[in-house]
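This report describes the fold of a protein and one of its helix pairs. The sequence and the model are shown first.

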Amino acid sequence: MVHLVAAIGLGAQEVGADALAEAFAAFDLFGLTGEDWAQMLGAVERGEGPPVDWGLLQQRADVLGPVQQASDEELLRARTVLLGLRWFYGLYAMHALFMPDTPALAALRARIDEWGMFALLDHVISLSPSPRHFAHGLAVCLEPLFDGLYETLMEQLAADPGLFQLPGNEAGGAAGFMETWTRILREQTARAQERVEVTDGPPCPSSTLR
């Protein structure tokens with residue numbers, strides 16, 4: 001974890017491919033060994049290959065093996081983790097769609113950022129998954145890394161459950177939150193229309209002849 005955090009904060013080049021390979025192997029991501037990671041990351045570091053393709057890594061990984069070896073309890077837990085992370089991921093992503101912010105929502109995003117996990121969640125999570133995508137997500141959520149993130153986010157949620165309580169409008173609750181979000185979206189839509197009108201200029205005279 002220290003190596004991964006250092007790579008996020010200082011840059012992967014400061015940590016080095018060998019240290020990152022050991023870190024990824026320690027988390028047992030995608031079932032790849034330290035040698036597998038070292039070979040791929042070393043090639044990228046030397047400029048001999050493209051940026052790491054998570055889809056390709058997933059294809060190379062043994063996805064079926066861990067599922068076959070997992071107990072019923074482990075599979076149920078992975079399903080709980082996957083569904084929970086989908087919800088947390090959705091809350092994070094909606095922030096970019098002008099969703100009002102609250103201290104509780106900001107704290108959840110901060111936890112995900114502290115773990116440097118949004119890019120991984122963005123790859124693994126689908127809000128409308130196909131059966132194949134859901135199965136892959138279930139296999140990935142058998143990994144201790146995702147289970148640990150889920151537990152951390154649940155602890156944060158328990159510590160501050162007021163996700164939709166806007167500061168200064170606590171009495172409005174979720175209804176007030178949605179009213180505020182709807183108003184913001186309407187305002188943003190109006191501003192976008194104004195920018196289009198300014199860019200396009202006044203309407204063509206022929207378009208006014210009816």
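Which residues in helix 7 meet which residues in helix 11?

## Contact of helix 7 with helix 11

Arg77, Thr80, Val81, Gly84, Leu85, Trp87 and Phe88 in helix 7 are in contact (heavy atoms within 4.5 Å) with Phe146, Asp147, Leu149, Tyr150, Glu151, Leu153, Met154 and Leu157 in helix 11. By class, the residues of this contact are ten nonpolar (Ala, Val, Leu, Ile, Met, Phe, Trp, Tyr, Cys and Pro), three charged (Asp, Glu, Lys and Arg) and two polar (the others, Gly among them).

## Basis of the model

The model is predicted: local features need pLDDT of at least 70 and side-chain atom pairs pLDDT 80 or more, while totals for chains, interfaces and linings use all residues. Residues are numbered from 1 along each chain as its sequence is written, and side-chain values use heavy atoms, leaving out hydrogens and water.

## Crossing geometry

Helix 7 spans residues 72–94 and helix 11 spans residues 144–159. Their axes (lines fitted to C-alpha atoms over the stretch in contact, with angles from 0 to 180 degrees between N-to-C directions) come within 10 Å and cross at roughly 55°. The crossing is left-handed, meaning that the near helix is turned anticlockwise from the far one by less than a right angle.

## Overall fold

The protein has twelve helices (DSSP runs of H or I, at least four residues) and zero strands (E, at least two).
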